[in-house]
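Here's a quick briefing on side-chain contacts, to read with the model open beside you.

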Amino acid sequence: MEKYEQMKAIHPDWSDEQIWTAVSLDMEADKVIENRGADVNPNDPDIIEEIIKGAMEWLDSVLPIIFEKVKEFFQNLLSTIGDWVRRGIEYIFEYINIFFQS
């Protein structure tokens with residue numbers, strides 16, 4: 001998959017779980033923007049929640065073994081949306097690194 005290869009090139013030290021997590025979020029963000037229009041506010045908590053839940057559903061249906069390994073990551077994101085949404089969606093990609101190091 002092209003997005004996987006792109007993400008791996010950007011983050012060569014990431015595990016498959018980290019890369020697929022980022023890919024699922026990236027693909028879902030593209031889908032939400034395509035469905036809602038380019039003027040979507042990427043810092044709107046409702047939009048971010050929609051992206052996260054969509055990424056979870058995609059991973060669970062397409063890569064369930066990976067999803068089981070990263071489910072806690074997504075649950076943490078959803079439970080702390082208010083804390084990090086102020087920092088913007090870029091924080092999710094930073095958090096991927098932080099979460100998987102623990």
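K69 and E17 form a salt bridge, with their closest N and O atoms 3.2 Å apart; the term covers a side-chain nitrogen of Lys or Arg within 4 Å of a carboxyl oxygen of Asp or Glu. This pair links distant parts of the chain, K69 sitting in helix α4 (residues 64-79) and E17 in helix α2, 52 residues apart. Helices here are DSSP runs of H or I with at least four residues, numbered from the N terminus. We're looking at a predicted model, where local features need pLDDT of at least 70, side-chain atom pairs count only at pLDDT 80 or more, and totals for chains, interfaces and linings use all residues. Residues are numbered from 1 along each chain as its sequence is written, and side-chain values use heavy atoms, leaving out hydrogens and water.

**Salt bridges**
- The structure holds six salt bridges.
- K69 is exposed at 52% relative accessible area, while E17 counts as buried at 17% (buried is under 20%, exposed over 50%, partly exposed in between, using a 1.4 Å probe and protein chains only).
- E50 and R36 meet at 2.8 Å, N to O.
- Since E50 lies in helix α3 and R36 in helix α2, that pair ties together parts 14 residues apart in sequence.
- Both ends are partly exposed, with E50 at 30% and R36 at 49%.
- E49 also bridges to K53, with the closest N and O atoms 2.8 Å apart.
- Both of these lie in helix α3, four residues apart, or about one turn of the helix.

**Aromatic rings**
- Searching the whole structure turns up four aromatic pairs (ring centres of Phe, Tyr or the six-membered ring of Trp within 6.5 Å; planes under 30 degrees apart are stacked, over 60 edge-to-face, the rest tilted).
- Y4 and W20 make a tilted pair, 4.8 Å centre to centre with 35° between the planes.
- Y4 is in helix α1 (residues 2-10) and W20 in helix α2, so the pair ties together parts 16 residues apart in sequence.
- W20 and W58 are tilted too, because their planes are at 35°, with ring centres 6.1 Å apart.
- Y4, W20 and W58 form one aromatic cluster.

**A buried serine**
- S24 sits in helix α2 (residues 16-36) and is buried, at 2% relative accessible area.
- Not counting residues up to four places away in sequence, S24 touches A55, W58, L59 and F74 (contact means heavy atoms within 4.5 Å).

How values were computed. Helices (H or I, at least four residues) and strands (E, at least two) are DSSP runs, numbered from the N terminus.
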